[in-house]
Amino acid sequence: MKFTIQSQKKSLSNTGAVLIFASLKNDKLDFDEFFTKLSKQAQKLIQKANISTSQSKTFRFEANPTLVIVSVEEKWTEHNTTLSIRRFIGSLKKNNLSSGAVSLDNLEKNNISLKKATEIVVKNAILANYDFSTEFKIKPKNGWPNIKEFVLVTNHLENNLATVVKAVEIVALATNSCRT
């Protein structure tokens, strides 16, 4: 899996799926920056959906991103971020999508540092992408579902996130190699 770090200003048109971290504040959903990049029709559909705390909902659309997953928490913690990333990777694989994106900035608003958010996302994306079936079962006609690219989106590109990604990749890949 290749990790790319990009600015919020870039388009999501090449991304198969996005995970939107939303916070529930005063009975109102506070969405991350990805929400504003969706079409007006998609925004209305998501706002009308009754998504409660500690719940995720999946939305499918014709244009990219074709899959939008909205996860809602009152306050984002390391634990519920881990669970959301793992569910997101599972949804990508289930829908045979090869790319996904997540915005790190809404996690930073919830007192998870950008570095820690990057660690959580990268580690859990790699661990969730691992599949024991590839070692012991016959390969399907269309191949195994595999995520090829994962985009980390942030407004804070000046931070040295590439070194964090590389360090976490080494640990997570070593963990996966021990799992067989």
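Against which elements do the buried residues of α5 pack? In this predicted model, they pack against the strands β1 (2-7), β6 (99-103) and β7 (149-154) and the helices α3 (78-94), α4 (105-109) and α7.

**Close-up 1. Helix α5 and its buried residues.** The buried residues of α5 include L114, A117, T118 and I120. Further along the helix, V121, V122, N124, A125, I126, L127 and N129 are buried as well.

**Close-up 2. The largest pocket, with a volume of about 240 Å³.** The lining comprises 14 residues, and those closest to the centre of the pocket are M1, I126, N129, Y130 and N146. Two of these, I126 and N129, also belong to the buried residues of α5. Helices α5 (114-129) and α7 (161-178) each contribute at least two residues to the lining. The most comes from α7, which gives three residues. By residue class, the lining of this pocket holds seven nonpolar, four polar and three charged residues.

**Close-up 3. The second largest pocket, with about 180 Å³ of space.** One part of the lining consists of K37, L38, S39, Q41, A42 and L45. F61, E62, A63, N64 and P65 also line this pocket. Helix α2 (residues 40-48) provides the largest share of the lining, three residues. Six residues of the lining are nonpolar, three are polar and two are charged.

Terms used
Residues are numbered from 1 along each chain as its sequence is written. This is a predicted model: local features need pLDDT of at least 70, side-chain atom pairs count only at pLDDT 80 or more; totals for chains, interfaces and linings use all residues. Side-chain values use heavy atoms; hydrogens and water are left out. On a 1 Å grid over the protein atoms alone, a cavity is a set of points where a 1.4 Å probe fits but cannot get out, and a pocket is an open set with protein on both sides within 12 Å along at least five of seven lines; lining residues have an atom within 4 Å of a point. Grid points are joined across faces, edges and corners, and a volume is the space filled by probe spheres set on the points. Helices (H or I, at least four residues) and strands (E, at least two) are DSSP runs, numbered from the N terminus. Ala, Val, Leu, Ile, Met, Phe, Trp, Tyr, Cys and Pro count as nonpolar, Asp, Glu, Lys and Arg as charged, and the others, Gly among them, as polar. Buried means under 20% relative accessible area, exposed over 50%, partly exposed in between (1.4 Å probe, protein chains only). Contact means heavy atoms within 4.5 Å.
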